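Here are my notes on the structure shown below. Please keep it open while reading, and check each point against it.

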Amino acid sequence: MSPTLLNLYSECLTKEALDGLEDFKVGGQVIQTVKYADDLVLMAKEETVLQGMTEKLIETGRYYGMEMNVEKTKVMRISRQPFPVTIKTDQKQLENVKCFKYLGSMLTEDGRCTCEIKSRIPIAKAAFSKMKNLFTCKLDVKLRKKLMKCYIWSIALYGAETWMLWATDQKHLESFDMWCWRRMEKISWTDHVRNEEMLLRVKEQRNILHEISKQKANWIGHILCRNCLLKQVIEGKIKGQIEVTRRRGRRRKKLLDGLKDSRGYCELKEKALDCTVWRNCFGRGFGPVF
């Protein structure tokens, strides 16, 4: 079965199975699933609704000759108080997990990106070790810095457009930034070279956090140019069934908070609506600001 035919087949199957089962809305639009190829994510606010969606999907799938792999199916509740969810299929309870990898990104029950950052940094360091001879050779420093950002930073910052960075996350990323330049110049911690001196040697500044902000601005700007589901997810609100009082302490950071602090979301949205203005502001000339 070709990939296109498989996608069409699974789409029709899912629509028929989940028709009428909806309780999760963002900005007034019902969101039941997130699909990629043969991977399917079911979303619901109530445990009973999710149980009904799972049973209906299995029933419809068997009618069309398809089976769900119970061993690979996991359940995760994203909440401030992530209690276990009991979902059964054929008298078998699905495994509850605290995190799982989906499309290369680590999703966690608290909705934070700390686990994702901690998992990506070792992958990027391993990639550096494989290409160590390239980064530590006698090539020009400017060229080696470009290679570093192209091959190593791109691995570490995969999916960074959706990250909400806490203070500890920023420290991890800045430490990784300095680790890259020190390894590139073959400087060990026993050499007692301060970070400021290290940055002067490579003629660089701490830009990794700004690089994340730039990627996030570009990504959100492209989304705002279109009327798509991602735009509704970013701007929309999830309507709850009960009134929730605010907790004590600081509220949790949102995706747009970083943009409001820097460029301003309203200004960014206004520029994104005009493609010419957008290219002039965030085209090739849009680089790091020191």
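1. Helices (H or I, at least four residues) and strands (E, at least two) are DSSP runs, numbered from the N terminus. By that rule the protein chain has 12 helices and 10 strands. This is a predicted model, in which local features need pLDDT of at least 70 and side-chain atom pairs count only at pLDDT 80 or more, while totals for chains, interfaces and linings use all residues. Residues are numbered from 1 along each chain as its sequence is written, and side-chain values use heavy atoms, with hydrogens and water left out.

2. The protein chain has 290 residues, and 33% of them are buried (under 20% relative accessible area; exposed is over 50%, partly exposed in between, with a 1.4 Å probe and protein chains only). The exposed surface comes to about 19200 Å², of which carbon and sulfur atoms supply 53%; accessible areas come from the Shrake-Rupley method with a 1.4 Å probe, and for residues only the protein chains shown count as cover. Contact means heavy atoms within 4.5 Å. Among contacts in the protein chain with a separation of 6 or more, 60% join residues 24 or more positions apart.

3. Helix H2 (residues 47-63) has 17 residues and reaches 25 Å from first C-alpha to last, close to the 24 Å expected at 1.5 Å a residue. The expected span is 1.5 Å times one less than the number of residues. Its buried residues include Val49, Leu50, Met53 and Leu57. Helix H1 (3-17), strand E4 (39-42) and strand E6 (88-89) are included in what covers the buried residues of H2. Just after H2, Gly65 has a positive phi of about 80°.

4. Is Thr14, for its part, buried or exposed? Thr14 lies in helix H1 and counts as buried because its relative accessibility is 6%. Not counting residues up to four places away in sequence, Thr14 touches Thr33, Lys35, Leu40 and Leu57.

5. Gly28 sits in the loop between strand E1 (25-26) and strand E2 (29-30). With a relative accessible area of 65%, Gly28 is exposed. Gly28 and Gln232 are 204 residues apart in sequence, yet their C-alpha atoms are 8.9 Å apart in space.

6. Helix H6 (residues 167-184) packs against helix H8 (residues 208-224) at an angle of about 115°, with the axes 9 Å apart. Axes are lines fitted to C-alpha atoms, for helices over the stretch in contact, and angles run from 0 to 180 degrees between N-to-C directions. On the H6 side, Gln170, Leu173, Glu174, Phe176 and Asp177 meet Ile208, Leu209 and Ile212 of H8. As for H8 itself, 13 of its 17 residues are buried, so H8 is largely enclosed by the rest of the structure.

7. A nonpolar core is a set of buried Ala, Val, Leu, Ile, Met, Phe, Trp, Tyr and Cys residues joined through side-chain atoms within 4.5 Å. Which residues touch the most other members of the largest nonpolar core? Of its 30 residues, they are Met148, Ile152, Trp163, Leu173, Phe176 and Trp181. H6 gives this core its largest share, 7 residues. Apart from this core lies another of 7 residues, among them Ile220, Ile223, Leu268 and Ala272.

8. Leaving aside neighbours within four places in sequence, Trp181 is in contact with residues including Lys145, Met148, Trp153, Met198 and Glu204.
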